[in-house]
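Let's take a look at the pockets in this model and at what surrounds the ligand.

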Amino acid sequence: MIDKYKEAFEKTRLAGTIAAGALDEVAKIAKPGISTAEIDKLCYNYLNDHGAYSAPLFYRGFPKSCCTSTNHVVCHGIPSEKILKDGDIVNVDVTALKDGWHGDTSRTFEIGEVSVKAKKLVISTYEAMMKAIKIVKDDIHLGDIGATIQDHVEADGFSVVQDFCGHGIGKSFHKEPNVLHYGKKGTGEKIKTGMIFTIEPMINLGKYETKTLNDGWTAVTKDKSLSAQFEHTIGVTKDGCEIFTLSKNQ
Ligand code: MF3
Ligand code: CO
Ligand code: CO
């Protein structure tokens, strides 16, 4: 890695590893009977214990330390006293702010035994993210990422959410470029060595449309179908990319 990018990569790796560590702890308690508020508390404490802040907390008025998006919630679900039950899927999205740099990652957890179709949705979403990450390197187009995700999940009969996208990240939480999870190969901006951004596909079992509830945050599928999401923060290199939000359990 060229010296120019060294600090950004090192700092993002540090923040990303903390965010991933929080999700490893969430994985241990994500069982029927716990509330999403308990997950939030764990994330708050984990980040605090590791010398980091939660970037979502008070971000544009967001009231909690992580997002918990259950079943038909697409993203930005607000942790509450609601109890998770057998068969639910829940995405937990954690962003650590450490020494002024951000690391953003999410996973969808299965609560107890979930339906076959829920399992397929979760697997397809994860595979699509990883497939996209594997094609990332200097000089490819952003559209190559979107097309890879769209082709993968549509072949499985699922749809790509269009109202939310991945994003550049660094000293700011959300910055350019927008990383769409659908599109055409060879279109859009070219990505370059040193760029740091997220890939975070939200994939629906039914139609792709979403709407936002009256709390101003919670985005749900319009047709109430299940939605899954995974997210990694990555840094582009000459021949590939580095995933900053990996954990030992993935
Ligand atoms: N972590 C989310 C993302 O992937 C953003 C959450 S913003 C919040 O970009 F305010 F809703 F927390
Ligand atoms: Co993000
Ligand atoms: Co996120």
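## Ground rules

Strands here are DSSP runs of E with at least two residues, numbered from the N terminus. This is a predicted model, where local features need pLDDT of at least 70, side-chain atom pairs count only at pLDDT 80 or more, and totals for chains, interfaces and linings use all residues. Residues are numbered from 1 along each chain as its sequence is written, chains are lettered from A and ligands numbered from 1 in the order in which they are written, and side-chain values use heavy atoms, with hydrogens and water left out.

A pocket is worked out on a 1 Å grid over the protein atoms alone: an open set of points where a 1.4 Å probe fits, with protein on both sides within 12 Å along at least five of seven lines. Lining residues have an atom within 4 Å of a point. Points are joined across faces, edges and corners, and the volume is the space filled by probe spheres set on them.

## The largest pocket

The largest pocket holds about 460 Å³ of space, and 25 residues line it. Nearest its centre are Tyr-59, His-76, His-167, His-174 and Glu-200. Strands S2 (67–70), S4 (89–98), S7 (166–168) and S8 (175–179) are the elements that each give two or more residues to this lining, and S4 gives the most, with three.

Sorted by class, the lining has 10 nonpolar, nine polar and six charged residues. For that sorting, Ala, Val, Leu, Ile, Met, Phe, Trp, Tyr, Cys and Pro are nonpolar, Asp, Glu, Lys and Arg are charged, and the others, Gly among them, are polar.

## Ligand 1

Where does ligand 1 sit? Ligand 1 is in the largest pocket (more than half of its atoms lie within 2 Å of the pocket's grid points). Around ligand 1 are 14 residues, each with a heavy atom within 4 Å of it; Pro-56, His-167, His-174, Glu-200 and Glu-231 come nearest. This shell has six nonpolar, four polar and four charged residues.

For polar contacts (N or O atom pairs within 3.5 Å), a side-chain N or O atom of His-174 is 2.7 Å from an oxygen atom of ligand 1. The distance from a ligand oxygen is 3.1 Å for His-167 and 3.0 Å for Glu-231. The protein covers 97% of the 330 Å² of accessible area that ligand 1 has on its own (Shrake-Rupley method, 1.4 Å probe).

## The second largest pocket

About 230 Å³ of space lies in the second largest pocket, with 14 lining residues. Thr-68, Thr-70, Val-73, Lys-82 and Thr-218 lie nearest its centre. S2 supplies the largest share of this lining, three residues. The classes here are two nonpolar, nine polar and three charged.

Key:
Helices (H or I, at least four residues) and strands (E, at least two) are DSSP runs, numbered from the N terminus. A polar contact is a pair of N or O atoms within 3.5 Å; within protein, one must be able to donate a hydrogen and the other to accept it, and residues adjacent in sequence count only if both atoms are side-chain atoms.
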